[in-house]
Amino acid sequence: MMENSQVERLLLVCQNRTCKKQGSAKVLATFQTFDIPNITVEKSGCLGKCGSGPMVLVLPEEVWYSHVEPQNISAVMERHLLS
Ligand code: FES
């Protein structure tokens, strides 16, 4: 099995209306302050899970994070993206 850190990842942060109201712009901006090799942070349209936002989706594993708050982001990074 490949080491996680070698996987090229895409991290999508929903910026559609419902997630925006729940603070997704700040979540996106916070993710963008991290500069991690092999991870591209992008805004996305509606991820189809409105109401649980801000929604974050990590590809290619298809790991979802719901209700992401800026203060949770370093934990997400450490637990998932740097492992
Ligand atoms: S608005 Fe974000 S999942 Fe639909």
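## Strands and how they pair

Two strands count as paired here if DSSP finds at least two bridges between them. Keep that in mind while you look around this model, which is a predicted one.

Start with β1 and β3: they run antiparallel to each other and are joined over four bridges. If you want a spot to look at, find Leu11, which sits opposite Val58 in β3.

β3 also has a partner in β4, the strand made of residues 63–65. This pairing is antiparallel too, with three bridges, and here Val56 faces Tyr65 in β4. Between the two strands of this hairpin there are three residues, and Glu62 takes a positive phi near 60°.

## The largest core

Now for the nonpolar residues. The largest nonpolar core has 16 of them, and the ones with the most contacts inside it are Leu11, Val13, Val27, Phe31, Val56 and Val68. At least two core residues come from each of β1 (9–14), α2 (24–33), β2 (39–44), β3 (56–59) and α3 (73–81). The largest share belongs to α3, which gives four residues.

Leaving aside residues up to four places away in sequence, Val27 touches Val13, Pro54, Val56, Val68, Glu69, Pro70 and Ile73.

Technical notes. Residues numbered from 1 in each chain as written. Predicted model: local features only at pLDDT ≥ 70, side-chain atom pairs only at ≥ 80, totals over all residues. Heavy atoms only, no water. Core = buried A, V, L, I, M, F, W, Y, C linked by side-chain atoms within 4.5 Å. Buried < 20%, exposed > 50% of the residue type's maximum accessible area, 1.4 Å probe, protein only. Contact = heavy atoms within 4.5 Å.
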